[in-house]
Amino acid sequence: MHFINLDSGWLLADYFEHKLTPIDHAIVSGIFNDASSALSAARVSAQIPAFMQCLPVPHQDTDLLTGKLIAGHISEAHELLQQARLNGAGYIYIATHLLQPAMYQIGQLWQQTQISVAQKHLATAIVQNELAYLYSLADFSPPNGKRALFACVEGNLHSIGIRMVADSFELAGWQVQQLGANLPITALLSQISAWQPELVGLSVSQAQHLDTLRRTIAAIHGEFGEHRPQIMIGGLCTNALSEMWRTLKADSWSPSADLAQIETI
Ligand code: B12
């Protein structure tokens, strides 16, 4: 698997793939990704990085939405999403094909210092409000009697993606608890013990979170043994490492909320 776009960069990535353990390789690859993005930022703005290629295809109005989010044009962003709804798009489609790619664009613009930290936070807040609004209008399937618990691993503050994944399970009839960002391992174990979910979904965004993810999964195995819940992982950095879940001893992985629940049935 190649992680960087520089002309001869893949040679370096291959070299490390064979020299390092999978987790160390993932961390090094994350650093390569950062370096690659930073180097190409000056000459590339609209190019889609390799790690985004397994993700939902952006809706045609994504650029427009990104502009409205950055500018803080709340009602115009809302109107654009409303229009998508009126055209038949549901919660998960809007979340993954409009809001998610808009947030990815915002991440790139922030990294290229084309927008401020304040604009990134403003966009995040608007997206969270819109998700709550869209959720309130969503159609729920009848209960299927199964429970799923979701959280970001300790240290990961990126909570929008896991919220979308949790919502996709809830809309499909699962009973869901979504514990958001930065959940300590001990708190996760206690909640699994108290609530006994069939499935636990864990989210990581940066390669730096992978070691915590590995420790979290090991703790679940250690605490619950063969009575443990199924473990599903996902999040931005796992999308460059599609086989990582096997190495980490998870049971499954999915690149996005529109696929996660379908793949779990
Ligand atoms: C908003 C944002 C923040 C906010 C988050 C607020 C919040 N409440 O979530 C704040 C300001 C806290 C933040 C902080 C930081 N951020 Co930030 N952030 C972002 C940004 C712009 C959007 C994140 C987002 O919401 N994406 C949209 C969601 C929907 O996408 P997603 O998370 O990938 O989720 C989907 C899939 O991955 C999958 N999925 C996710 N989880 C799971 C779990 C399971 C079980 C499954 C099956 C699937 C799944 O399904 C989801 C829905 O389809 C991203 C850019 C980006 N590309 O994402 C940067 C980004 C992730 N951040 C970045 C960085 C560097 C940071 C900071 C280090 C910045 C700093 N110096 O402080 C800190 C680190 C904080 C930490 N310890 O985690 C970098 C990471 C670069 C890298 N290669 O590691 C990014 C990529 C920005 C960039 N350069 O483009 N950030």
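1. A word on the basis. This is a predicted model, in which local features need pLDDT of at least 70 and side-chain atom pairs count only at pLDDT 80 or more, while totals for chains, interfaces and linings use all residues. Residues are numbered from 1 along each chain as its sequence is written, and side-chain values use heavy atoms, with hydrogens and water left out.

2. H158 (NE2) is the single donor from the protein to the cobalt atom of the ligand, at 2.3 Å (donors are N, O and S atoms within 2.8 Å of the metal, or 3.2 Å for Na, K and Ca; water is not among the atoms, so sites may look incomplete). You will find H158 in the loop between β1 (147-152) and α7 (160-171); helices (H or I, at least four residues) and strands (E, at least two) are DSSP runs numbered from the N terminus.

3. Polar contacts (pairs of N or O atoms within 3.5 Å). Q128 places a polar side-chain atom 3.4 Å from a nitrogen atom of the ligand.

4. The shell. There are 39 residues around the ligand, of which Q100, Y104, Q111, H158 and S203 come nearest (a residue counts if one of its heavy atoms lies within 4 Å). Helix α5 gives the largest share, eight residues. By class, the shell has 15 nonpolar, 22 polar and two charged residues; Ala, Val, Leu, Ile, Met, Phe, Trp, Tyr, Cys and Pro count as nonpolar, Asp, Glu, Lys and Arg as charged, and the others, Gly among them, as polar.

5. A helix pair worth a look. Helices α4 (residues 74-86) and α6 (residues 117-137) pack at about 35°, their axes 11 Å apart (axes are lines fitted to C-alpha atoms over the stretch in contact, and angles run from 0 to 180 degrees between N-to-C directions). Contact here (heavy atoms within 4.5 Å) involves I74, H78, L81, Q82 and R85 of α4 with I126, E130, Y133, L134 and L137 of α6.

Methods
Polar contact = N/O pair within 3.5 Å; in protein donor to acceptor, adjacent residues only side chain to side chain.
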